[in-house]
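Please read them alongside the model.

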Amino acid sequence: MKQTPSLDGIEKATLLTRDQHPISRKQISPNALKVLYKLRDAGYHGYLVGGGVRDLLLGKTPKDFDIATNASPEELKQLFRNSRIIGRRFKIVHLRFGREIIEATTFRAPHDANNQISDNTPRKRIQGDSAHSAAGMILRDNVYGNIDEDALRRDFTINALYYTIDNFVVLDFCTGIEDINAKLIRIIGNPEDRYKEDPVRMLRALRFCAKLDFTMEENTSKPINKLAHLLESISSARLFDETIKLLTGGHAVKTFALLRQYEPGKYLFAPTLEALGSIENEDKDKPANKLVNLALRNTDIRLAEGKSVTPAFLFAALLWPVLQIRLSANQDPDINQHQHFQNAVSIVLSEQIQYTAVPKRFTSATKEIWELQLRLERRNRRSIEGAIAHPRFRAAYDFPTTTRRFWGKP
Ligand code: ATP
Ligand code: MG
């Protein structure tokens, strides 16, 4: 066992000793603990950070465990055979233990905001391994630093708490503990700058509000509507990933209500939000609105029961009102009903993937759910038998069971 040198920056933390916090090792994934002990044995420092610490402090079961360390991605790769470096913009090491993945990141240092590049600057001109766009967006974030610097590079104070297996202490470098107690989502640093660095933080703020039942601290929420347009510069692939996190965290009803209230929602679901109308004076009896609300509720219930939810189902429900509007548009007299439906489906889906790059396997399934929907709607014996034999039947069936009574045009 190597002698571990002390860690620079650690003296800046406020400590919660073992008797001052409720986290016990029994609640931590054995694999995450294994990683922490292995890092220590190899002479590195490893901490549990992010959602794992936050959720345990709140008495919730964490979704996953993230680790921050002073080992570089390459050193992690050498130490753990089951590891893979992912991401270029922000390198993360995935440590795989069967079905569980532990994410390990190396402590990040602050950026030199003057290190600007345009999006098409050749890689060789990037200095160090960090880069900002002229608009302040972080294009690369692979400059490593001390733990106190790492804490301030994180998004919200409640996500910047560190747990160590050395005396089982929790370390707080900002106001994480205070904000957990006050149930506040507070962005670290200057809110506008931090949203400009990474506009997805605006979506994360809304997600944590819904998931934790917290409120946004005033300065954290103030710039969100004004800066929502920055989400246009985020790839539709990343926005799809974020959308799935937003809707499959078990709080889809609440999260979607926030997406309807705040501008960032428009950068994920403009067609749906337009079809639903404003949430303030929503006609809850309108079939399209009823269907969406029931589908979201059904999603939360399924997840609470430990069942899975497919993105195909979510998009089938959320885009149903948009599809209905398309279908009610005048039909070209030269095409038949079936073609009219097919055209509407492909317009609605291709419009949505401009916002969130829904992978083809899900859009084809969404389409099948809609097609089966029509078949079930017709309710003639032959087509129902055909539908039951279809592999997508379960998803299609789940779609109307909660909502069957509310079908119809908006
Ligand atoms: P959960 O896993 O429950 O959804 P989480 O807070 O663990 O929530 P992750 O996406 O797993 O979220 O990220 C782990 C940690 O990495 C966060 O808690 C935060 O400290 C940091 N982080 C993640 N995304 C960002 C970001 N866009 N900007 C700054 N820090 C981030
Ligand atoms: Mg996490």
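1. A polar contact here is a pair of N or O atoms within 3.5 Å; within protein, one must be able to donate a hydrogen and the other to accept it, and residues adjacent in sequence count only if both atoms are side-chain atoms. By that rule, a polar backbone atom of asparagine 159 sits 3.0 Å from an oxygen atom of ligand 1. Of the 580 Å² of accessible area that ligand 1 has on its own, the protein covers 86% (Shrake-Rupley method, 1.4 Å probe).

2. On the basis: this is a predicted model, where local features need pLDDT of at least 70, side-chain atom pairs count only at pLDDT 80 or more, and totals for chains, interfaces and linings use all residues. Side-chain values use heavy atoms, without hydrogens and water, residues are numbered from 1 along each chain as its sequence is written, and chains are lettered from A and ligands numbered from 1 in the order in which they are written.

3. Side chains also reach ligand oxygens. Arginine 54 places a polar side-chain atom 2.8 Å from an oxygen atom of ligand 1. For aspartate 66, the corresponding distance is 3.1 Å.

4. Which residues are closest to ligand 1? They are Arg54, Asp198, Arg201, Arg207 and Lys211, out of 16 that surround it (a heavy atom within 4 Å). By class, the shell has 12 charged (Asp, Glu, Lys, Arg), 3 polar and 1 nonpolar residues. Helix H7 gives the most, with 5 residues (helices are DSSP runs of H or I, at least four residues, numbered from the N terminus).

5. Helix H10 covers residues 236–247. Its buried residues (under 20% relative accessible area, 1.4 Å probe, protein chains only) include Leu239, Phe240 and Glu242.

Notes:
Helices (H or I, at least four residues) and strands (E, at least two) are DSSP runs, numbered from the N terminus. The expected span of a helix is 1.5 Å times one less than its number of residues. Buried means under 20% relative accessible area, exposed over 50%, partly exposed in between (1.4 Å probe, protein chains only).
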